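Dear colleague,

Please find the structure below for your review.

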Amino acid sequence: MASLLRQVDRNDVRDVGWRGGDDDLNSLYEQLQHLSEQVRRRQPHIRGEESTKQALVVPFLSVLGYDVHDPTELQPEYIADFAKKRPGGPMEKVDYAIRKGGNPVIFIECKSVDADPRLHGGQLARYFNATPSVPIAIVTNGVRYMFFTDLEERNILSEQPFFQFNIFDFSANDVEVLESFGRARFDPATIRDRVEEIIYINKITGFIGEILRNPTESFTRFVLSELDLVSGKKLTARLVEKFVPTIRRAIQTSLLDMATRSIRDQVADKPEPTTTLISAVAAAPAAKRKPARHKPLRLKPASSRQAPAAGRIFC
């Protein structure tokens, strides 16, 4: 029971809404798991931003369905008309711009794999704020991907990400959210509505998860009043406190039952094999057998046969 609660705590009850039957989503999950293993092997050998891009970021974008070899779809070192020249250096640029319909729709700023992606430069915000066609900006070090948009004010990049993806630690729900930014699903016209939904779901599931782990007094009062368990009694603070452990155990039992039913349903949904080994053998044509050839038994003359040793019995 305790392990189940730890599982709920770790995933923030986020996996409940995952569409497990979606073949595309299952495929994406498996590809990300494979990429995670590759990143883990490559990470110790990567030095600097450029190698991070090529070894970690580009494969990630490829898994999301983008043609990383087509500059009309994934443009490296994007420089806008309004770009400023750095003092004594080149023009400001964004590491990658994902294009759709000829316009940039996602900006990506890359950091070295050993850098903190939260410490991104101001040029990403300047590019985002001046490019209305771009609703999403991503900062990454090849392991962590931080997704930003203009939550507080239109065309002004928010300081806090609305979604984070870690290639070493992701849930099925994370993959479902990430799928919204893949080539097949990403729609610049509706992505802000999707972002709002992501934020609302995360906040609500986080709140529900906390309630399930630690029932509050108000939640306990709500349950007791809805079930009319203490009719005729005044719901004093002492009475409510008495029922908190009972409600906590009831929640644990309910979660365990939900998990058990979910596993049972998944097993029931698996198609039975159409051909078993036994049926395959039975259906196979009988092999032609050659008649066995027995050599004639030749007995030695009685005088040459040895008598059985003492103590041995022959049947």
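**Findings**

Glu77 is found in strand 1; helices (H or I, at least four residues) and strands (E, at least two) are DSSP runs, numbered from the N terminus. Phi of Glu77 is near 50 degrees, a positive value in a residue other than glycine. With a relative accessible area of 42%, Glu77 is partly exposed; buried means under 20% relative accessible area, exposed over 50%, and partly exposed in between (1.4 Å probe, protein chains only).

The model is a predicted one, in which local features need pLDDT of at least 70 and side-chain atom pairs count only at pLDDT 80 or more, while totals for chains, interfaces and linings use all residues. Residues are numbered from 1 along each chain as its sequence is written, and side-chain values use heavy atoms, with hydrogens and water left out.

**Overall composition**

The chain has nine helices and six strands. Of its 315 residues, 36% count as buried. Among contacts (heavy atoms within 4.5 Å) between residues at least 6 apart in sequence, 58% join residues at least 24 apart.

The six strands form an open sheet with mixed pairing, in the order 1-2-3-4-5-6; two strands pair if DSSP finds at least two bridges between them. Strand 1 and strand 6 (163–166) stand at the edges with a single partner strand each, so one side of each is left without a neighbour in the sheet. On average, neighbouring strands of this sheet are turned by 25 degrees against each other, direction ignored. Axes here are lines fitted to C-alpha atoms, for helices over the stretch in contact, and angles run from 0 to 180 degrees between N-to-C directions.

Strand 3 and strand 4 run parallel and are joined by five bridges. Cys110 stands opposite Thr140 in strand 4. Strand 5 and strand 6, in turn, pair in the antiparallel sense over four bridges, and Phe163 in strand 6 is the bridge partner of Phe147.

In a regular strand the side chains alternate between the two faces of the sheet.

The loop between strand 5 and strand 6 contains Asn155. Asn155 has a positive phi of about 65 degrees although it is not a glycine. Its relative accessible area of 24% makes Asn155 partly exposed.

**Helices against the sheet**

Helix 3 lies across strand 1, strand 2, strand 3, strand 4, strand 5 (144–148) and strand 6, and runs at about 20 degrees to strand 2. Gly48 lies in helix 3 and counts as partly exposed at 32% relative accessibility. The C-alpha atoms of Gly48 and Val113 are separated by 7.3 Å, although the two residues are 65 residues apart along the chain.

In helix 4 (residues 122–129), the buried residues are Gln123, Leu124, Tyr127 and Phe128. Seen down the axis of helix 4, these buried residues fall within an arc of 135 degrees, so they line one face of the helix; the arc is that of the directions from the helix axis to the C-beta atoms. The buried residues of helix 4 pack against strand 1 (74–78), strand 2 (94–100), strand 3 (103–110) and strand 4 (136–140).

**Helix 2 and its partners**

Helix 2 (residues 23–42) and helix 3 (residues 48–63) pack with their axes 10 Å apart, at an angle of about 175 degrees. The two helices are therefore roughly antiparallel to each other; angles under 35 degrees count as roughly parallel, over 145 as roughly antiparallel, 65 to 115 as roughly perpendicular and the rest as oblique. On helix 2 the contact is made by Leu28, Gln31, Leu32, Leu35, Val39 and Arg42, and on helix 3 by Ala55, Leu56, Pro59, Phe60 and Val63. By class, this contact has nine nonpolar, one polar and one charged residues. Ala, Val, Leu, Ile, Met, Phe, Trp, Tyr, Cys and Pro count as nonpolar, Asp, Glu, Lys and Arg as charged, and the others, Gly among them, as polar.

The axes of helix 2 and helix 5 (residues 172–179) come within 10 Å and cross at roughly 105 degrees. That makes helix 2 roughly perpendicular to helix 5. Here Asp24, Leu25, Leu28, Tyr29 and Leu32 in helix 2 meet Ala172, Val175, Glu176, Leu178 and Glu179 in helix 5. The contact of helix 2 with helix 5 has seven nonpolar, no polar and three charged residues.

With kind regards
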